[in-house]
Amino acid sequence: MIRLLHLAAIAGLIASAIYAYSIKYDTLYQAEQVAKLKTRLRKERDAIAVLRAEWQLLTRPDRLQGAVDKYLQLEPIGTSHLARLADLPAKADRGDEIARKLEALGLGATATPAAKERAPSTTAARGEEPRTTGSTSTPTRTVTPTAKR
């Protein structure tokens, strides 16, 4: 029985040593991967810095002006190229497009301001003031006393 416990303890010790070494080598592998990625990141940042320097070199104003003079036939902007606001055409009144679409669908009852202007107001016909959400006035009504029975 004791030999069996000794063998189990030795097997457990060997298994834990193997597990510890596998974790150790796995962490070393991961550390190497991190170091490689840091190196690649540094190289990419250096390449970006080189590209930015090249871009600044290529977009120098004196170099661009020489290329414009050589390849493009541009002329300076004069006052003849400018327009006044009064020269622009007036914006065409498109009307109420939604109401037109509703009428085309057969849904003629609209509550648009343009439709309200065309239709006679029922409150105006009764002599009442139109009621709005923020209206504080109430319509006046005459109260006639009723006779008691």
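Me: Is Asp87 buried, partly exposed or exposed, and what is its relative accessible area?

Reply: In this predicted model, Asp87 is partly exposed, with a relative accessible area of 46%. The cut-off for exposed is over 50% and for buried under 20%, so a value of 46% falls in between.

Me: Which residue forms a salt bridge with Asp87?

Reply: Side chains of opposite charge can pair when their charged atoms come close. Here Asp87 pairs with Arg84, and the closest N and O atoms are 3.2 Å apart. Arg84 is exposed, at 58% relative accessible area.

Me: How many salt bridges does the structure hold?

Reply: There are 2 salt bridges in the structure. One of them joins the side chains of Arg60 and Asp62, with an N to O distance of 3.2 Å. Arg60 is partly exposed at 32% relative accessibility, while Asp62 counts as exposed at 54%.

Me: How should I read an aromatic pair, and how many are there?

Reply: A pair of aromatic rings is described by the distance of the centres and the angle of the planes. The count here is 1 aromatic pair. Tyr21 and Tyr25 make up this pair, with centres 6.5 Å apart and 25° between the planes, and it is stacked. Planes under 30 degrees apart count as stacked, so 25° qualifies.

Me: Where do Tyr21 and Tyr25 sit relative to each other along helix H1?

Reply: They are 4 residues apart in helix H1, which means a separation of about one helical turn. Tyr21 is partly exposed, at 49% relative accessible area. Tyr25 also has a charged neighbour: Lys24 lies over the face of its ring, 5.6 Å from the ring centre.

Me: Which residues form a nonpolar patch on the surface?

Reply: The patch consists of Ile10, Ile14 and Ile18, which together have about 300 Å² of accessible area. Ile18 belongs to helix H1 and counts as exposed, at 57% relative accessibility.

Me: What is the overall make-up of the protein in helices and strands?

Reply: It has 5 helices and 0 strands, giving the pattern α-α-α-α-α along the sequence. Of the 149 residues, 3% are buried. The accessible surface is about 14900 Å², and carbon and sulfur atoms account for 62% of that surface.

Me: Where is confidence highest and where is it lowest?

Reply: Helix H1 (residues 2–58) has the highest mean pLDDT, at 96, and helix H5 (residues 122–126) the lowest, at 51. The protein averages a pLDDT of 81, and 72% of the residues score at least 70.

Note on methods: Residues numbered from 1 in each chain as written. Predicted model: local features only at pLDDT ≥ 70, side-chain atom pairs only at ≥ 80, totals over all residues. Heavy atoms only, no water. pLDDT = per-residue confidence, 0-100. Helix = DSSP H or I, 4+ residues; strand = E, 2+ residues; numbered from the N terminus. Phe/Tyr/Trp six-rings, centres within 6.5 Å; stacked < 30°, edge-to-face > 60°. Buried < 20%, exposed > 50% of the residue type's maximum accessible area, 1.4 Å probe, protein only. Lys NZ or Arg CZ within 6 Å of the ring centre and 35° of its normal. Patch = residues over 30% accessible without salt bridge, like charges linked within 9 Å, V, L, I, M, F, W, Y side chains within 5 Å. Areas by Shrake-Rupley, 256 points an atom, 1.4 Å probe, with all protein chains shown as cover. Salt bridge = Lys/Arg side-chain N within 4 Å of Asp/Glu carboxyl O.
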